[in-house]
Amino acid sequence: MTPPLAPAALPHSVTVDLGGRTVLVTGAAGGIGRACAVRLAAAGAKVRAVDRDAEGLEELAAQGAGLDGTVEPVVLDLTDLDAAEQAAAGTDILVNNAGLQLVRPIEEFPPEAFHTVLTVMLEAPFRLIRGALPHMYGQGWGRIVNLSSVHGLRASAFKSAYVSAKHGLEGLSKTAALEGAPHGVTSNCVNPGYVRTPLVQRQIADQAAAHGIPEEQVLTEVLLKDAALKRLVEPHEVAEAVAYLCTPQASFITGTSLALDGGWTAH
Ligand SMILES: NC(=O)c1ccc[n+]([C@@H]2O[C@H](COP(=O)([O-])OP(=O)(O)OC[C@H]3O[C@@H](n4cnc5c(N)ncnc54)[C@H](O)[C@@H]3O)[C@@H](O)[C@H]2O)c1
């Protein structure tokens, strides 16, 4: 017998239709954020693409032309927390993605860099969620997707700020899930292992210095050491997981963390 609260039957193949939905993606100028912006615009969404990198946003806007949806570039530094909160007003879907990395032992980690990482990767997401919720609650529907990391679930040496921010983001995401549930708002984390993006390319030299090994050994001996699948994840694979969390098929998924980590956290 069908349980009384069972949802209507859904098609087996997952197509993503976000026609009419407004999406805000932070860190949209490059890497995973750009892949998410393109994927969600391809699904018909009106994407507000936020980044401090104006040139990268222009490239994204050119890439977005011809997709079913639209891409609107918004140049904004997320350390301006009031502006971040205001930018999120009126969005149906919020993708908290912007991030940065610094690889140093704790005793050499500059306190001001720790502060910046926490501001961009934890406090700004809080302010963006805060800005987005009134509209989401008002219409009884919303999706929050937080780009966490395997480092939201596991630590690695020399990444104190990044690991702290991502573990904090996991807590923020779960709290938003509990508060948002009665209002039709889900909140989840997506947790990639190492993705082929500029953020990873930029840390190769720092990783080599911190671990005392040549740069050419960083990929195999540091980045892929704990993953069962010995390859980098592609940004479009991460974007697909983000898009899935916005589908009706994913409406019961909230407060969780979807690992795309090639088996890293299976250890
Ligand atoms: N690349 C990986 O291996 C990997 C793995 C797991 C999680 N992640 C997470 O995915 C997200 C995206 O990472 P990526 O690899 O695409 O990085 P990336 O460096 O390619 O892109 C990050 C974007 O964030 C923007 N940004 C940084 N600080 C900003 C600020 N103050 N204001 C506005 N924009 C700002 C940058 O300009 C850039 O466009 C990050 O949260 C990162 O922690 C990345």
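Where does Phe-158 lie? In this predicted model, Phe-158 is placed in the loop between strand 5 (142-147) and helix 5; helices (H or I, at least four residues) and strands (E, at least two) are DSSP runs, numbered from the N terminus. Residues are numbered from 1 along each chain as its sequence is written, side-chain values use heavy atoms, and hydrogens and water are left out. Because the model is predicted, local features need pLDDT of at least 70 and side-chain atom pairs count only at pLDDT 80 or more, while totals for chains, interfaces and linings use all residues.

Phe-158 has a positive phi of about 75° although it is not a glycine. Most residues other than glycine have a negative phi. With a relative accessible area of 24%, Phe-158 is partly exposed (buried means under 20% relative accessible area, exposed over 50%, partly exposed in between, with a 1.4 Å probe and protein chains only). Phe-158 and Val-103 are in contact with Ala-210, when neighbours of Ala-210 within four places in sequence are left aside; contact means heavy atoms within 4.5 Å. Ala-210 itself belongs to helix 6 (residues 198-211) and, at 25% relative accessibility, counts as partly exposed. A separation of 7.3 Å is found between the C-alpha atoms of Ala-210 and Pro-105, which are 105 residues apart along the chain.

Thr-91 occupies the loop between helix 3 (81-87) and strand 4 (93-96). Its relative accessibility is 0%, so Thr-91 counts as buried. A polar atom of the Thr-91 side chain lies 2.8 Å from the backbone oxygen of Ala-88. Not counting residues up to four places away in sequence, Thr-91 touches Thr-22, Val-23, Leu-24, Arg-48, Ala-132, His-135 and Met-136.

Helix packing was examined next. Helix 4 (residues 111-139) and helix 5 (residues 160-180) pack at an angle of about 15°, with their axes 8 Å apart; axes are lines fitted to C-alpha atoms, for helices over the stretch in contact, and angles run from 0 to 180 degrees between N-to-C directions. Helix 4 is therefore roughly parallel to helix 5 (angles under 35 degrees count as roughly parallel, over 145 as roughly antiparallel, 65 to 115 as roughly perpendicular and the rest as oblique).

Arg-34, Ala-37 and Val-38 of helix 1 meet Gly-56, Glu-59, Leu-60 and Gln-63 of helix 2. The contact of helix 1 with helix 2 has three nonpolar, two polar and two charged residues.

Helix 1 also packs with helix 8 (residues 235-244), at an angle of about 50° and with axes 8 Å apart. These helices are therefore oblique to each other. Contributors from helix 1 include Ile-32, Cys-36 and Leu-40, and those from helix 8 include Val-238, Ala-239 and Val-242. The residues of the contact of helix 1 with helix 8 divide into nine nonpolar, two polar and two charged.

Conventions
Polar contact = N/O pair within 3.5 Å; in protein donor to acceptor, adjacent residues only side chain to side chain. Nonpolar A, V, L, I, M, F, W, Y, C, P; charged D, E, K, R; others polar.
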